[in-house]
Amino acid sequence: MYEVFEHTADLGLRIRAATLEALFADAARGLGAVITGDLAQIRPTSEERFVIAGTDPVWLLYDLVGEVHAAFELRRMLFCDFQVSRDATGLQVVARGEPYDPAVHTLAHEVKAITQHELDVRHDAAGWEATVIVDI
Amino acid sequence: MTKPPVTTDQSSDRASSRATDRSFTGPLEPVDDCTWRIPKSYKPGMLVDGLIFADERLIPLLRSDRAPEQVANVAFLPGIQQASLAMPDIHWGYGFCIGGVCATDPASGGVVSPGGVGYDINCGVRLVRTNLTLADVKPVLTQLVNQMIRDIPVGVGQGGNFVFSPDELRTLMREGVPFLARQGLASADDIACTEAEGCIPGACPEYVSDRALARGADQCGTVGAGNHFIEVQVVDRVENDTVAAAFGLHAGQICVLIHSGSRGLGYQVCDDALRALRDAPAKYGFDLPDRQLVCAPVESPEGKHYLGGMRAAANYAFCNRQLLMWHVRQVFARIFGRSWEALDMQLLYDVAHNMAKIEEHAVGEARKDVCVHRKGATRAFPAGHHDIPERYRHIGQPVIIPGDMGRASWVLVGGPRSLGRSFGTTCHGAGRCLSRTAATKAAKGRNIRDELLKESGVVARCRSREGLAEEQPAAYKDVDVVVDVVHRAGLSLKVARLRPLGVIKG
């Protein structure tokens, strides 16, 4: 799950999940929700694959959310569903969604960037939790 | 499991309680009636004090978020000079606070930090004068604002009318507004009245990534979203007749304020720099309290690379606001049936508020070239400074302070104490006092567009439902209070107050 929390001029995402893979997938969905305001309007009609290299969960999270952001900025792709698998080299991600169509989709926020401010991934008895603040 | 879309009422109680925990309880020692000190003893590692320009009215707001903590964190930056400064429009940012100012000395290992400029490199404002009065505009105001939102690209995902090839973009980034003048899209006066004459020297477009070029290809001449806007205003009150006359302002006059920056290109330049500098703190042995403060010595290869790309993005931003002004002039010409020259739509000034510049300043007994980071802060040089356009040099640099869309904006002039107190810097706006989620919650069940029209007579047009709610007047501090502080501190002095009439937003 993800939730949006207050940050004076920007927006923060706090994500909680039982596994790291689910944590990354929900963080990517959270970004889509910030951009569109409503993930339900995105249909999973096409598929893209991302490979994120690395081992540090913090930078894997940052780079994955950054790639999802870049997909919208550069190719106007919106995603609603992510399948994430992880091995020793990094993440393999299958993202499903569709190209932005102004007749179909509304947009809520222009996300300037994914910031490193308070960027965090941690694990406790309840599972995994991550924080990402996006610049609006 | 996922929660439904993003609105405040769907945020958990846990998130809300965390938000309220985010107040500053550290020391704020009064220095005078508009300056507060965070002593460097507050945190081990601070190299200088923090100094915040504010008065008693602003202290509760100042303590309500973690921005003062960020002022203290910036004091860790190697080579920082005098103090880590913040303006009265301070609020919580990422790494640096918004409203933060920091000067570092390159000659003694001083650093440049992309977080000290922000993602929106050379976000800034320009003010355009006209020879129209309120009586001219009032009958056609709705038509004018409707035409503006039809003709001027604004909002998320809106490409612009000008599309540049990668080679053209590189030339534009190297040469700035003079490149547009050669295309017939800028006048000599436009260049003269833009900070740095619309071209920061030392721009290195070759350091700008393909991804940044792709994001910027069709965005030069677009407003964007968030807090960016174009606003039709009327001069409500003149506070200083002599300076106002020198700036070509008088009561009742119509002006247009344009607020935007370097769009996706600049955001990407910052993002690329933060990635490239990921390992720099370890390489240079810096111990920083926040990842977003990542930095490198100004004179290092990494520092030079960032500054070269940042200057290129800054020049792109000057061109963006120039093209937006070009659109505004065309809209006015269409609505009023006269050319923009006949409407005397001259640029008063264009000034950046997110930038790092090498400037010469007095530091103690010495004069030094320092790297001045202004993040949500405006250069405000006093009369006589050689970097002020010749036509204003005897009077001081114009400073343009956007407020909120319901109350006011201001024109100030660089103050006599700005060089000595703040490396020639003043505030950049009203500063937020409500988060975006809190503003959205406060707007629930209300029609902000109708309220603006009924209560302030402001015609507002916004592309997204979130835009007006998040940017409503109540989300901002009272700009009159903020301006009053910088006026009393001598950083910049009041010239004229402008009232909004119509606004377009993303």
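These questions and answers concern a helix pair and a chain interface in a predicted model.

Q: At what angle do helix α1 and helix α2 of chain A pack?
A: Two packed helices are described by the angle between their axes and the distance between the axes. Here α1(A) covers residues 20-36 and α2(A) residues 57-75. Their axes lie 10 Å apart, and the angle is about 35 degrees.

Q: Is the crossing of α1(A) and α2(A) left-handed or right-handed?
A: From α1(A), the residues in the contact include Phe24(A), Leu31(A) and Ile35(A). From α2(A), they include Leu61(A), His69(A) and Phe72(A). The crossing of these two helices is right-handed.

Q: How many nonpolar residues does the contact of α1(A) with α2(A) have?
A: Among the contributors are Ala27(A) and Ala28(A) on α1(A), with Val65(A) and Val68(A) on α2(A). By class, the contact has no charged residues and 1 polar residue. The nonpolar count is 13.

Q: What area is buried between chain A and chain B?
A: The size of an interface is often given as the accessible area lost when the parts come together. Chain A brings 50 residues to the contact, and chain B brings 50 residues. Carbon and sulfur atoms give 51% of the buried area, which is about 4600 Å².

Q: Which element supplies the largest share of the side of chain A that touches chain B?
A: The rule finds 18 residue pairs in polar contact across this interface. Elements of chain A that each supply at least two residues to its side include β1, β2, α1, α2 and β8. The largest share, 11 residues, comes from α2(A).

Q: Which residue of chain A meets Arg278(B) in a salt bridge?
A: Side chains of opposite charge can pair when their charged atoms come close. Arg278(B) lies in the loop between α11 and α12 of chain B and its partner in helix α2 of chain A, so the pair joins two chains. At 3.1 Å, N to O, the partner of Arg278(B) is Asp63(A).

Terms used. Residues numbered from 1 in each chain as written. Chains lettered and ligands numbered in written order. Predicted model: local features only at pLDDT ≥ 70, side-chain atom pairs only at ≥ 80, totals over all residues. Heavy atoms only, no water. Axes fitted to C-alpha atoms, helices over the stretch in contact; angles between N-to-C directions. Helix = DSSP H or I, 4+ residues; strand = E, 2+ residues; numbered from the N terminus. Left-handed = near helix turned anticlockwise from the far one by under 90°. Contact = heavy atoms within 4.5 Å. Nonpolar A, V, L, I, M, F, W, Y, C, P; charged D, E, K, R; others polar. Buried area = accessible area lost by both parts, 1.4 Å probe. Salt bridge = Lys/Arg side-chain N within 4 Å of Asp/Glu carboxyl O. Polar contact = N/O pair within 3.5 Å; in protein donor to acceptor, adjacent residues only side chain to side chain.
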